[in-house]
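Please consider the structure shown below.

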Amino acid sequence: MTETVPVPQGLPMQRDAGPFAPPSEITRLRGSRPVSPMVFPDGHEGWLVTGYDEVRQMMADTRFSSRQDIGILHMPYETPGMPAPTEPSPPMPGMFVAMDPPDHGRLRKRLTGAFTVKRMKQLEEHIVEITEQHLDAMAKLVPPVDLVKEFALPVPSLVICELLGVPYEDRENFQASSAQLMVRDQTLEEKMAAFIGMNTFLTELVTRKRETPGDDILSDLGRYDDLTIEELAGAAFLLLLAGHETTANMLALGTFALLEHPEQLAELRADAELLPAAVEELLRYLSVADIFFRYATEDLELGGETIREGSTVIVSLLAANRDPRRFENPETLDIHRNARGLLSFGHGVHQCLGQQLSRIEMRAGFEGLLRRFPTLALAVPADEVKLKTDMNIYGVHELPVTW
């Protein structure tokens, strides 16, 4: 009976069943009430959606808005030092992930040609070259080394910098700012400082691109007269942030998961043809970009529940990707699984533009890493690996490895 299910106070985030398992409270809610009422720390009542079918339905329905300016963004968990928002916040120009049609489509269509499957395949050889260069450099180091610092972070960073036309020598600045923006518990002043620093850098960059274009995505966008400098900077902000944070965390956390499943790791080393399916399964199993917000623009029905107009709705992609109604034995990592239909890149009009790029980077990264380092192993006990439980994208802060 749904009436017996306790209403959660804030979003349950504690991963108490291991580094790769969802929070047990979210798993419990999905089994008993996949569309659950919840109370935010500021007292606002909203909803948490954890079931696969319900998440997919909701993300395909644009009446569940992505715009933060139509309602207050209530924090789903306690954030020390962060005051609760008291009024709607206007969307950042160019941040099309926080827009609805038709504004969303106007910006997104400018980018679809840059991220086609065909164009990404044309880039694959260069991505492999970048991967091998970083593996060469790592092989010259004396282990133990931090896989995040030496491999998982720099590979997607360099790839997205080249695609966008961002000078790679500026990576330390934007990586520091983007990492700060991912911190869950921080003061408003800290978050705004990181935001202003990154936005200032990108505004200056796109202004130069418009004046002196090159052969890159930001220069291509700059040729559209209907896009303002503010919109160009916002789009660059989103692409740069999403273009390296998610893939970097997948490479590091995925390696950690494989090292903790040695039999499947051995199979991958023996048969590289298993790699595409293994990447899909790791995407499903880990779901590093987990939590998304939507806002009901009218009274809506979802999973047998009535979502009232103005309600804040939180989606857990990790919970959906572990739904036993969709995937058999979902808590098990299985590189032979057909993970078709996974929701790690979202669904609907906001489905990730760069998903094919991310897949190529992961295939190249895992293939090269396992081939070049056949004795790769953790350099510390698994329970000493520093997990990103304090960040809005899950992963590991460091992954000390040896070989």
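Does Lys209 count as buried or exposed? At 13% relative accessibility, Lys209 counts as buried, where buried means under 20% relative accessible area, exposed over 50% and partly exposed in between (1.4 Å probe, protein chains only). The model is predicted: local features need pLDDT of at least 70, side-chain atom pairs count only at pLDDT 80 or more, and totals for chains, interfaces and linings use all residues. Residues are numbered from 1 along each chain as its sequence is written, and side-chain values use heavy atoms, leaving out hydrogens and water.

Lys209 forms a salt bridge with Asp216 (3.0 Å, N to O); the term denotes a side-chain nitrogen of Lys or Arg within 4 Å of a carboxyl oxygen of Asp or Glu. Asp216 is likewise buried, with a relative accessible area of 5%. By this rule there are 20 salt bridges. In one of them, the closest N and O atoms of Arg33 and Glu305 are 2.7 Å apart. Arg33 lies in the loop between helix H1 (24-32) and strand E1 (35-39), and Glu305 in strand E7 (residues 305-307), so the pair ties together parts that are 272 residues apart in sequence. Helices (H or I, at least four residues) and strands (E, at least two) are DSSP runs, numbered from the N terminus. Arg33 is buried, at 14%, and Glu305 is buried, at 12%.

An open sheet has three antiparallel strands in the order E4-E10-E9, where pairing requires at least two DSSP bridges between two strands. Strands E4 (145-146) and E9 (377-378) stand at the edges, each with a single partner, so one side of each lacks a neighbour in the sheet.
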